[in-house]
Amino acid sequence: MLADDQHEHGLPTEGMCCLCTMEDITIEDKNYVEYQSYPSMRWKPALFEKCVVEQIRQDQFYRYVESVKKTDCQAELRRLLKAESPVYISDKHAFPLDNGDTHVILLWYAEDGEKRSAMLKGAVEGKEKVELMDSLRSFIIVDGKEEGDEDDET
């Protein structure tokens, strides 16, 4: 078995296209991306093209925070807070995880053969994440909960 830094990355399959833009994913277009999931450390082809992957990496964390701040639905707010703020790029369609894997940890771009962290721009971990989640929880309204605000908990 090859060490991780000796892993041979694959090529896009014939007719492969981005699930978001429907653009072809090809070596010629320099838009093929692979992702490595943790803890299996297996590499698999991403089902989004490079520009979409980069857009998600730049925006996903900030979109989560804005969703928490702007929602007017307390049930949605509780679901968002229960899921907690994202740290690593995720999309169940573009980066499906094998059983036992928890998240995408690395990205590899065929364009330059370089690996990149899958950590989202602006995302925080550890003590900073605890502080962020505490501040976001301040948006929950405890009094005046209306019928239909219940989330899926029983």
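**Exercise 1.** Is Y32 buried or exposed?

*Solution.* The structure is a predicted model, in which local features need pLDDT of at least 70, side-chain atom pairs count only at pLDDT 80 or more, and totals for chains, interfaces and linings use all residues. Residues are numbered from 1 along each chain as its sequence is written, and side-chain values use heavy atoms, with hydrogens and water left out. Begin with the cut-offs: buried means under 20% relative accessible area, exposed over 50%, and partly exposed in between (1.4 Å probe, protein chains only). Y32 has a relative accessible area of 2%. Y32 is therefore buried.

**Exercise 2.** Determine how Y32 and W108 are arranged, and which parts of the chain they tie together.

*Solution.* Rings of Phe, Tyr and Trp (its six-membered ring) pair if their centres lie within 6.5 Å; planes under 30 degrees apart count as stacked, over 60 as edge-to-face and the rest as tilted. The structure holds four aromatic pairs. In one of them, Y32 and W108 lie 6.4 Å apart, centre to centre, with 80 degrees between the planes, and the pair is edge-to-face. Next, locate the residues: Y32 is in the segment before β1 (33-38) and W108 is in strand β3, so the pair ties together parts that are 76 residues apart in sequence. Strands (E, at least two residues) and helices (H or I, at least four) are DSSP runs, numbered from the N terminus. W108 is also buried, at a relative accessible area of 11%.

**Exercise 3.** Describe how strand β3 is joined to strand β4.

*Solution.* Two strands pair if DSSP finds at least two bridges between them. Strands β3 (residues 103-109) and β4 (residues 114-117) are joined by four bridges and run antiparallel. W108 has K115 in β4 as its bridge partner. The two strands form a hairpin with four residues between them, and G113 in the turn has a positive phi of about 70 degrees.
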